[in-house]
Amino acid sequence: MPPIPPLFALSIEPSGSIICTQPSPKVYLLTFQSPPDNRTTPAFCKTFSLALDIVEHKFPRGVLVTTSAIGKFYSNGLDYENAIKTKGFMQDNVYPLWRRLLTYPMPTVALINGHAFAAGFMTAMFHDYRIMNPHKGFLCLNELEFGASLKPPMASIFRQKLPRPETYRTMILESKRFKALEALREEIIDGVGGWEETKIFIEESKLVGKGESGVYGRLKEEMWRETVALLDQDEKAAQDYEDGRATASEARAEDALKIVKEWEKDGWAGRPKL
């Protein structure tokens, strides 16, 4: 089979690209590569968002599929060092991409070819459906391992989409690495395979025509309104929320420490001291 000519191609600075092909009628495949591991940098997010805009406004409604040209990784997450030191990193770059995917006016499928960690896993969750390579790759929220808290939209998308709280707990509090078959059992993904299996999934689910009535995006905006609202918070509101939560947590810890010190000094209800 000869190569499918691209509908368009975009550059991701400094050395990456997104190529859009149409392997089936009205099925648009965005294949991205941003070496070495498809981090969600500002350039990656803005180019990804531009590709979504082009597909929506230049081509008939159909189905959007995203995957990676880097075999080992779908996406390895945030450019964390820059994320924590750059003002507006999430609100100006990552959140607009996630909101766009979450409310996109046609079905979206993440074809997860390899590892999807942290924000890379989250990006896949902001799609409507997920198909995963059964032979390699893990899905993992590993924030616990590198000492990062979850921002409200990050937690919300899993809370809203996962069917069982036990899966949510294991995913976040144990940083469990899910292989494809286990992710399928836990209903994190919708199927296993590569492009051919994704094509069959799209056909069997009759997804190509779902966006034609014009309300597909609005329906999703209402379905996921909690997460959409959190993504829409401006930077000040988001920071005020996090600061308030941190202040309350510190106050509770100080109160608890005072109680422990009183107990150590006077005993507690006749109990022996430590």
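This passage describes the packing of helices H1, H3, H10 and H11 in a predicted model. Local features need pLDDT of at least 70, side-chain atom pairs count only at pLDDT 80 or more, and totals for chains, interfaces and linings use all residues. Residues are numbered from 1 along each chain as its sequence is written, and side-chain values use heavy atoms, without hydrogens or water.

Helices (DSSP runs of H or I, at least four residues) and strands (E, at least two) are numbered from the N terminus. H1 spans residues 42–58 and packs against H3 at an angle of about 30 degrees. Their axes, lines fitted to C-alpha atoms over the stretch in contact, with angles from 0 to 180 degrees between N-to-C directions, lie 9 Å apart. The contact (heavy atoms within 4.5 Å) involves Phe48 and Leu52 of H1, among others, and residues of H3 including Phe89 and Leu97. Its residues divide into 8 nonpolar, 3 polar and 5 charged. Here Ala, Val, Leu, Ile, Met, Phe, Trp, Tyr, Cys and Pro count as nonpolar, Asp, Glu, Lys and Arg as charged, and the others, Gly among them, as polar.

H10 (residues 216–223) buries Tyr216, Gly217 and Lys220. Buried means under 20% relative accessible area, exposed over 50%, and partly exposed in between (1.4 Å probe, protein chains only). The three lie on the same side of H10 because they cover an arc of only 95 degrees around the axis, taken from the directions to the C-beta atoms. Arg218 and Leu219 are exposed on the face turned away. The cover over the buried residues includes H3 (89–102), strand E6 (108–112) and strand E8 (129–132).

In H11 (residues 225–232), Thr227, Val228, Leu230 and Leu231 are buried. Their arc is only 165 degrees, so they share the same side of H11. H3, H6 (152–161) and H10 are among the elements covering them.
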